[in-house]
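Work through the exercises below with the structure open. Each task is followed by a stepwise solution.

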Amino acid sequence: MADIYDFLSGPGVWISLAVFLGGLLLKAAFLFGASKDKDKVFYDHLNWRWGFKSVWHWLVPLGSVSLRQQPVFAIVIWVFHICLFAAPLFSVAHNMMLKESLGWSLWSWPDHLMDAFSIVVIICAAFLIIRRIAKPEVRILTSGWDYFLILLTAAPFVSGFLAYHQIGGSYEVTLTLHILFSEVLLIIIPFSKLGHMMLFFLTRFNLGSEMGGRRNVHGRDGAKVW
């Protein structure tokens, strides 16, 4: 177990980060090249104002008509994403490791706040799974892979919470699982639907520019379904 931990906490970190960042950049470059080849008209009528307006409306809770039509889901998914990014970025333990490795770190938030964020992520993940099971229109579009991705996203937070509080057996085992789940998640992101963490911005900008800027299709507040 010690050898596995040493690999995961050493080379494994850099390998997973390289695959994560390199995969996202390559995917963005490929999609950009494909769009330049197939959708040249989009670049002829690029509207930055409507592109950024569309992104903004979808980042703000209930900022678009489509989100306001399903307010519970919209609030849950917004809170989920905030905690999903805040917990690992501002964790004391993670920033101590960052400081030791690179000589700098982000600011750290109290452990009890990170605990709360982790619990929120787990609860929201459970909500998303139940929603996919309970709503026929969502269930019909859901595959086993979708459930796996939600569980994998929650796994680092479950294992991290258990490791920090030393619950459920060996601390070394739960900590190793925490690192393993985190690195597997990073590696899978660019090659799965989780890549929407980057593609969301490209897609929303595209739709906003096209629908609002070129076709002039928008509501009173500029937040049509698109």
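**Exercise 1.** Classify lysine 135 as buried, partly exposed or exposed, then describe its salt bridge.

*Solution.* The model is predicted. Step one: take the accessibility of lysine 135, which is 33%. Step two: apply the cut-offs, with buried under 20% and exposed over 50%. Lysine 135 is therefore partly exposed. Step three: find the partner. The lysine 135 side chain meets that of glutamate 137 in a salt bridge, at 3.2 Å from N to O. Step four: classify glutamate 137. Its relative accessibility is 47%, so glutamate 137 is partly exposed too.

**Exercise 2.** Which residue forms a salt bridge with aspartate 146, and where do the two sit in the chain?

*Solution.* Step one: the partner is lysine 193, with 2.9 Å between the closest N and O atoms. Aspartate 146 lies in helix 10 (residues 144-164). Lysine 193 lies in the loop between helix 11 (171-188) and helix 12 (196-214). The pair is 47 residues apart and links distant parts of the chain. Aspartate 146 has 4% relative accessible area, so it is buried. Lysine 193 has 52%, so it is exposed. Step four: count. The salt bridges come to two.

**Exercise 3.** What span does helix 6 reach, and what covers its buried residues?

*Solution.* Step one: helix 6 (residues 71-89) has 19 residues. Step two: its span from first to last C-alpha is 27 Å, close to the expected 27 Å. Step three: list buried residues. Among them are Phe73, Ile77, Phe80 and Leu84. Step four: the cover includes helix 5 (65-68), helix 8 (111-134) and helix 10.

Technical notes
Residues are numbered from 1 along each chain as its sequence is written. This is a predicted model: local features need pLDDT of at least 70, side-chain atom pairs count only at pLDDT 80 or more; totals for chains, interfaces and linings use all residues. Side-chain values use heavy atoms; hydrogens and water are left out. A salt bridge is a side-chain nitrogen of Lys or Arg within 4 Å of a carboxyl oxygen of Asp or Glu. Buried means under 20% relative accessible area, exposed over 50%, partly exposed in between (1.4 Å probe, protein chains only). Helices (H or I, at least four residues) and strands (E, at least two) are DSSP runs, numbered from the N terminus. The expected span of a helix is 1.5 Å times one less than its number of residues. Contact means heavy atoms within 4.5 Å.
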